[in-house]
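Visitor: Could you walk me through how some helices and strands are arranged here? I have a few questions ready.

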Amino acid sequence: MKGKYLNPKADLTFKKVFGEHPDLVMSLLNALLPLEEGKQIEHVEYLTPEMVPENPGKKNSIVDVRCRETGGRHFIVEMQMNWNNEFQRRVILNAAKAVVKQLDKNEEYTLVQPVYALNLINDTGFESGPDEFYHDYAIVNVAHTDRIIEGLRFVFVELPKFKPQTIAERKMAVLWLRFLTEIDKDTEEAPAELLENPDTNKALKILEKSAYDEGQLYAYERFWDAVTTERVAVEGAYKKGRDERTLEIARNMKANGLSAEIIAKTTGLTADEINKLS
């Protein structure tokens, strides 16, 4: 780690920046959530990140940051390194838990406050254009999408697709996304724009490597080792599934009497691989 800072996307650093400083998580939420004009968050308090299910037989889950506006809306913030379908389902489950946990027995349903789930993903997982990095999901009427049932809102941000010019008019959103995408273990000097802004400047100071002890730095490195291992495993499983599907197609083509030349052009298999097909 030759740079001055640690990467903010690591579990340790992300929680230190946004899970211990209410002003910073509030700034992040106001910048990235689709909040109506005049409904910006003015004060938040942290809630326990452990989401315990009502049914004791079900699994607990722990989110990165969970907080609520004083007397109002609830917010869940997650940093996900590798995209997978399980993550999307877990986001839905945790948001639903956050709704359920708001009421004690016999309390009125009118007391339930909206839940916003902000999910930052250091990967790509949505079937969308290369510049479409921001995905906002609400409960809408299928025929009239302007009609929304308030209560649950899901925002997914694909960090690798982010380009500052795509949302240039939202300065704070750009600064926070630049903070998350441009600062890493090799950063010797942070961009001037991040140093000049009070919120991102404070976050940068929290990331300074000198502020962490040996045990924390070891945990930080172990986190990145685990991320790499998971990504390699996922890519390996995808490649295996893709290869098996290719072989299945080639077998069917061969069984239907198609020539080895056509099979090779269609599947990319070599003549030797095609000859070995049973």
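Visitor: With which handedness does H4 pass H6?

Guide: Happy to start there, bearing in mind that this is a predicted model. The axes of helix H4 (residues 171–182) and helix H6 (residues 198–207) come within 10 Å. As H4 passes H6, the crossing is right-handed.

Visitor: Which residues make the contact, and how many of them are nonpolar?

Guide: H4 brings Met172, Leu175, Trp176 and Phe179, while H6 brings Asp199, Thr200, Ala203, Leu204 and Leu207. Sorted by class, the contact of H4 with H6 has 1 charged, 1 polar and 7 nonpolar residues.

Visitor: Are H4 and H6 roughly parallel or roughly antiparallel to each other?

Guide: Their axes cross at roughly 15°. Angles under 35 degrees count as roughly parallel. H4 and H6 are therefore roughly parallel.

Visitor: Now to the strands: which ones stand at the edges of the sheet?

Guide: The open sheet has 6 strands with mixed pairing, and its order is S1-S4-S5-S6-S8-S7. Each edge strand has a single partner strand, so one side of it is left without a neighbour in the sheet. On average, neighbouring strands are turned by 20° against each other, direction ignored. The edge strands are S1 (44–46) and S7 (134–140).

Methods. Residues numbered from 1 in each chain as written. Predicted model: local features only at pLDDT ≥ 70, side-chain atom pairs only at ≥ 80, totals over all residues. Heavy atoms only, no water. Axes fitted to C-alpha atoms, helices over the stretch in contact; angles between N-to-C directions. Helix = DSSP H or I, 4+ residues; strand = E, 2+ residues; numbered from the N terminus. Parallel < 35°, antiparallel > 145°, perpendicular 65-115°, else oblique. Left-handed = near helix turned anticlockwise from the far one by under 90°. Contact = heavy atoms within 4.5 Å. Nonpolar A, V, L, I, M, F, W, Y, C, P; charged D, E, K, R; others polar. Pairing = 2+ DSSP bridges.
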